[in-house]
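Trainee: I would like to learn how to read a model like this one. Could we go through it feature by feature?

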Amino acid sequence: MPFSHCGTLIPRIGDEQVVAAAWTRFLQHQSVQVGGVRSVVLHSWQRCRSEAVNPESSCAPAVDHERVRQLLAEHRELCDAARPVLDGLRDILRECGSLIMLTDPGGTILDLNGESRVRSAGEGVNLAMGGCWNEELIGTNAIGTAIATGVPVQIHASEHFCVDVKRWTCAAAPILDPLGRNLLGVVDVSGVKETFHGHSLALVMAAAKQIEGELARRDGILHARLLARAMDDFIRYGNDCLMLCDPRGRVVRTSGSVQAAREHHGVRLPFEVGAQLVALNLSLSASDRQRARPAWLLPEWLHPIRDGDTVLGTLLVIPLGARGHRSVSSSTRAGTDGAGATDAFAEIIGDSAVLKASKERARRIAPLDLPVLLLGETGAGKELFARALHGAGGQSSGPFVAVNCGALTRELLASELFGYVEGAFTGARRGGLAGKFEQADGGTLFLDEVGEMPLDMQPHLLRVLQDGQVVRLGDIRQRKVAVRIVAATNRDLQTEVEAGRFREDLYHRLCAVSLSLPALRERPGDIEIIVEHLNQRLAAKYGCAPKALDPLVHRAFRCYRWPGNIRELRNVFEAMFALSDGELIDAAQLPPAISRVMAEQAEGLGEAPAAEGMGRLEQVERQAVLDAIAGARGNMSLAARTLGISRSTLYVKLAAIRAREAKHWTRSVT
């Protein structure tokens, strides 16, 4: 690809004033001439706006020294492979007044070299070890934008999103895993804007390729040793499902029936070579690996592969013989991993791509000491995510305190948040009361429905967030608190800011990082999994066995749009569970609102007459299918085995039965 301005790879110095004017218009929500701003830059600005990046941010946030040490250990292979490449460029770039640096996949700087004066200037914006240059934190910059786009990029002067970074120029290229092509890190060259050179982009691209080549060479040697040492085990466990992973948890080789592993043990893993399993990444701490371990994975299935004292990788042996057939208990599904460790995100149920993306982003956010704003509809699980962020974060040993900002009057909210001293108002408790900030000291304060907070209360909240000190009502003493803030809202706060109903400075203080949660209608494939989870929980609560569901109930749940999201599904299912007689929940227990939706859909289909119009053979088949599902308590795999057919064939037969019964059922519920 040619390095030209038309190709949008290289910025042009002569456009700086045009870009600066476009940036000003962009912040004022005015139209921006696309011809004056490169598309890669404009798209980055738009991402910054959606993530509510503060353009006035003076420098990138930084992680502490202990976290830097952990990241260096975690990415030791990358640093070792990159060191000779960076050393080769160090002397050249010193003469140019530029810095060369290496970051982890999240944009945290792990290695940095350059002349002392430019290093000193870089420290002013945290262009230093431990600085976090993710686009979501410090806006458009070469490191963060390369991470966001996955391609090399050069950002110059006014193209940066944040004001104090605009006097810099930078070029960065992503470093990709040679095996799985996932992001390993970024190599970047930066300097004050007067040091701009169009060849910087080519330089970092060449450096990234060199590092990838060195990593590929090292991987080839390691994987050859790993395969040689594991060969006997592949023979010994030939009847089981096997997955061989290297020290970073990347799949090197698989063997055996993946489908059988899924059916017998509920295995949900990517079995493609190059996929990465965090739970088998030996560079992580034991606690981090336990936290990432899937609920179904037993510790005894993990076999370290050694060469002398060196651990070359891990062989995951999923037993498929008689010794390996077991059901997953409700306690295991709830989040324990077999070794007693708990996954903070285990209560967030679902396997849809959109939910996995939200959970993965949440896992990355959790260790960061930054305020988080959760965005989502009512009932979408914002408090579950808040608790998971707390449990997976560095403050998990501290308290988690929640307060609903929309459920209290202004006076009650003030006393709830900040506390009060004795005699502060009529009815004040003797001795006073600590507010939620003090109760959450050392932990997390969850501000639910923060968009409902009265406007005149917002400056008081902002002051506490800025100063880290709280003053109780009726008192003058300042009490220092260290609290991580997780806020949540179902409102569009940017619209609220524009309408003057929410303070812009408070919005930016709360929204250092945002996390959007999907509505239940956006992930209909998760409904069946959530219902199964609720079925197990309610069975334990009511002291009975889990109940089977009429297939029409499953169909109704999938068709309904669930405006109340998971909260509504939970309430509906518990009512149906409690009111149903026997071991089957049938369509008669459906609430009228869901019944009407099903009736309207079935009527629109114009389907054929119902069960009484079926032939004798069809009636026998229908009864056999429904009896098998009821006997298996809704477990479709077990029901299919009982009938002697595959699960896919069972679903086909169910679809046919539903089509025949739809009109009859419509009449019965209307």
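Trainee: Which residue stands opposite Thr-310 in E9?

Mentor: Strands of a sheet pair through backbone hydrogen bonds, either parallel or antiparallel. Two strands count as paired if DSSP finds at least two bridges between them, and strands (E, at least two residues) and helices (H or I, at least four) are DSSP runs numbered from the N terminus. Here Asp-307 stands opposite Thr-310 in E9. E8 and strand E9 (residues 310-318) pair in the antiparallel sense over 6 bridges.

Trainee: What is the order of the strands in the open sheet?

Mentor: The 4 strands of this open sheet are ordered E7-E6-E9-E8, with antiparallel pairing. At the edges are strand E7 (251-255) and strand E8 (302-307), each of which pairs on one side only. Neighbouring strands of the sheet are turned by 20° against each other on average, direction ignored. Axes here are lines fitted to C-alpha atoms, for helices over the stretch in contact, and angles run from 0 to 180 degrees between N-to-C directions. Helix H8 (residues 199-236) lies across strand E6 (241-245), E7, E8 and E9, and runs at about 25° to E7.

Trainee: How far can I trust the coordinates?

Mentor: This is a predicted model, in which local features need pLDDT of at least 70 and side-chain atom pairs count only at pLDDT 80 or more, while totals for chains, interfaces and linings use all residues. Residues are numbered from 1 along each chain as its sequence is written, and side-chain values use heavy atoms, with hydrogens and water left out. The pLDDT is the predictor's confidence in each residue, from 0 to 100. The chain averages a pLDDT of 83, and 88% of the residues score at least 70. Over residues 605-614 the pLDDT is below 50, and this stretch has 18 contacts in the model beyond near neighbours in sequence. Where pLDDT is low, the predicted coordinates should not be read in detail.

Trainee: Is Cys-132 buried or exposed?

Mentor: Buried means under 20% relative accessible area, exposed over 50%, and partly exposed in between (1.4 Å probe, protein chains only). Cys-132 has 5% relative accessibility, so Cys-132 counts as buried. Its place is the loop between helix H5 (116-123) and helix H6 (135-138). A contact means heavy atoms within 4.5 Å. Leaving aside residues up to four places away in sequence, Cys-132 touches several residues, among them Ala-62, Gly-107 and Leu-137. Ala-62 is 70 residues from Cys-132 in sequence, yet their C-alpha atoms are 5.4 Å apart in space.

Trainee: How many salt bridges does a search of the whole structure find?

Mentor: A salt bridge is a side-chain nitrogen of Lys or Arg within 4 Å of a carboxyl oxygen of Asp or Glu. The search finds 35 of them. In one, Glu-159 pairs with Arg-38, with the closest N and O atoms 2.8 Å apart. Glu-159 lies in the loop between strand E3 (153-156) and strand E4 (168-176) and Arg-38 in the loop between helix H1 (16-27) and helix H2 (39-50), so the pair ties together parts that are 121 residues apart in sequence. Both Glu-159 and Arg-38 are buried.

Trainee: Which salt bridge has an exposed residue?

Mentor: Arg-117 forms a salt bridge with Glu-115, the closest N and O atoms being 3.3 Å apart. Arg-117 counts as exposed because its relative accessibility is 66%, whereas Glu-115, at 22%, counts as partly exposed.
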